[in-house]
Amino acid sequence: MSRKPIPQQLVLETATELMSRAAIDIPSDYKQALRAAASKETEDLSCFVIKTMLDNYDVAEEDRRPMCADTGLPRFYVKAGNEAVVEGGFVALEHAIRESVAIGTQQIPLRPNRVHPLSRKDNNNNLGIHAPEIEYTFEPDGDWIDLVTVHKGGLFGTDYRMLFPGDGIDGIKRFFLDTMASFGRRGLACQPAIIGVGLGGNKDTCMRIGKEAACLRTVGDVNPDPEVAKLEQELKDLGNNIGMGPMGFEGKTLVVDCHIEVAYTHTGGMPMSIHSFCHSSRRAAARIHSDGRVEFRDDPQWFTDFYRREGIE
Amino acid sequence: MSKMNVVKLQVPVSQEDVDKLEQGDVVYLTGTIYTAREGVYKKVLESGEELPVDIRSISNVNFHCSPAASPNAQGGYDVGAVTATASFRFGKWMKNWFEVSGAKIIIGKGGMPEQAYRDVFVPNGARYLSTVGYGAGALLGRGIKRVKDVHWLAENGIAQAMWIFEVDEIGPFIVDNDREGNSLFVKHENAVNAKLEKLYEGLKPPALKRYGETTSRADEVIGEPDTQPIRIVNAMPTERSKD
């Protein structure tokens with residue numbers, strides 16, 4: 001293994017490019033799925049709304065302007081191969097990521113959304129205390145670094161509830177319906193969208209994996225556990241049977257895809273979280289190799305067998 | 001493609017044009033529009049500050065939005081994308097705002113409660129237009145030809161400043177309220193509600209309830225307007241781009 005350090009400048013350039021791709025370019029898996037949904041939607045208003053969304057994506061890419069003025073809360077996910085070395089270490093990598101957020105906010109431009117929760121102070125660069133969030137995971141062997149940015153809003157469409165084992169699949173379905181039907185009204189959740197569900201873990205784990213399921217898995221991806229995969233399909237169908245489409249108008253397009261992630265949890269509980277991604281799935285991913293090559297891709301490839309492992313290994 | 005009725009209007013809009021709008025019409029606007037949301041409403045309607053311009057003579061279309069704008073090298077501003085923000089939060093200011101501003105069209109996200117339409121919009125002959133899809137920011141951004149002016153940028157920041165935009169066929173927007181104050185959103189909600197209970201059939205309720213949990217599935221989660229004032233501090237770009 002080469003152990004050639006990845007330059008900090010390359011991290012900065014890659015992260016800055018990801019910031020603009022996430023804000024402007026809609027991932028191909030999502031765009032295709034939305035086109036397919038538009039062709040199946042029979043309600044006039046819902047159909048018009050979806051077609052307007054698709055027009056908007058084209059304009060965003062042609063004009064190189066953000067597809068939405070609420071450019072969300074930019075955040076980063078970093079997956080490092082075990083052999084990867086970064087020039088200056090991971091403190092330098094984090095510095096580069098934070099700098100890319102400030103640069104992207106000014107240049108693209110993004111809306112400076114991040115403010116102090118009480119004073120409402122805005123640094124005008126989307127940086128602040130614990131902002132952006134940067135999450136790290138690791139993979140055996142590789143000498144590369146994967147960078148993923150997600151620009152998600154966050155006001156509506158997310159909820160958490162402590163369910164219990166006795167509540168079973170019924171409880172899961174009810175909470176799913178509750179969340180979809182409440183936040184779907186008037187389109188507050190910015191549907192249709194990829195819906196992520198976290199099941200189990202501690203409260204924080206439950207929220208994290210549910211959000212990652214929404215934001216870091218592509219349309220069409222299924223959970224490797226057949227039981228979980230079956231529930232993913234059931235919840236997707238359930239959501240689309242509510243009869244609610246984009247903006248809360250009558251329609252059958254609410255859930256573009258449903259992804260569930262599970263974590264081992266307390267024996268007495270079955271916590272559940274639900275996350276609606278923004279209706280444009282603003283994510284962008286790239287792998288930086290130790291030889292300096294950078295590969296951009298739509299699929300974050302975040303959930304690996306290793307990441308979902310059960311045992312010691 | 002769906003059968004939508006498209007209407008193109010000049011701003012300032014005439015009362016006659018506004019009165020002709022039908023619920024569900026798709027509208028494009030040309031002329032001058034401005035942004036005002038809680039930051040502006042609080043200053044004018046609660047702190048009693050004078051409007052920085054005679055808004056009546058400039059425009060009668062108020063957009064509930066915050067642009068993704070940044071200072072440019074010419075000392076002006078570039079507007080990238082434009083997206084509405086959820087209007088239900090501003091309901092408590094609308095009555096007085098109509099009196100002060102003479103607005104005839106409010107553009108925003110998600111509409112307002114029917115009560116607000118009946119009590120406040122109808123007497124003022126005003127209508128509500130919703131943005132479409134909510135994320136159509138690039139399309140709307142393209143409709144903005146230039147920033148004519150911006151007020152209260154230093155005090156309120158980019159998101160809450162009062163932006164005056166020159167627009168050319170900005171849209172699409174959908175007309176929410178009819179002349180009597182009925183809402184398109186509510187009409188569709190009622191249709192959804194009619195089928196909703198059936199989906200819950202056979203699903204047993206969870207063991208642990210939530211304190212104060214709503215029991216009607218026809219309820220909306222949007223409630224009374226917030227009563228806590230929002231303080232805005234130092235929300236101003238400190239440097240202009242030199243290049």
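Two residues are in contact when their C-beta atoms, placed from the backbone, lie within 7 Å. This tour of a predicted model requires pLDDT of at least 70 for local features and 80 or more for side-chain atom pairs, whereas totals for chains, interfaces and linings use all residues. Residues are numbered from 1 along each chain as its sequence is written, and chains are lettered from A and ligands numbered from 1 in the order in which they are written.

**Stop 1: Ile209(A)**

Select Ile209(A), which lies in helix H6 (residues 203-216) of chain A. Helices (H or I, at least four residues) and strands (E, at least two) are DSSP runs, numbered from the N terminus. Leaving aside residues up to four places away in sequence, Ile209(A) touches Gly198(A), Gly201(A), Glu261(A) and Ala263(A). Of these, Glu261(A) is 52 residues from Ile209(A) in sequence, yet the C-alpha atoms of the two are 5.9 Å apart. Ile209(A) counts as buried because it has 27 C-beta neighbours inside 10 Å. The cut-offs are 20 or more other C-beta atoms within 10 Å for buried and 12 or fewer for exposed, with partly exposed in between; C-beta atoms are placed from the backbone.

**Stop 2: the whole of chain A**

Now display chain A, which has seven helices and nine strands. Its C-alpha atoms fill a box of roughly 55 × 50 × 40 Å along the principal axes. Buried residues account for 52% of the 313 residues. Of the contacts in chain A with a separation of 6 or more, 80% are between residues 24 or more positions apart.

**Stop 3: an open sheet**

Next, select the four strands that form an open, mixed sheet in the order E4-E7-E5-E6 of chain A. Strand E4 (158-163) and strand E6 (255-263) of chain A are the edge strands, each pairing on one side only; two strands pair if DSSP finds at least two bridges between them. Neighbouring strands in this sheet are turned by 15° against each other on average, direction ignored. Axes are lines fitted to C-alpha atoms, for helices over the stretch in contact, and angles run from 0 to 180 degrees between N-to-C directions. Helix H7 (residues 226-240) of chain A packs on the sheet, where it touches strand E5 (193-200) and E6 of chain A; its direction makes about 145° with that of E6(A). E4(A) and strand E7 (residues 270-276) of chain A run antiparallel and are joined by six bridges. One pair to pick out is Thr158(A) with its bridge partner in E7(A), His275(A).

**Stop 4: the contact with chain B**

Show chain B, which has eight helices and nine strands. Here 46% of the 243 residues are buried. The contact between the chains takes 61 residues from chain A and 57 residues from chain B. On the side of chain A, helix H3 (44-63), E4 and helix H5 (168-184) each give two or more residues. The largest share, twelve residues, comes from H3(A).
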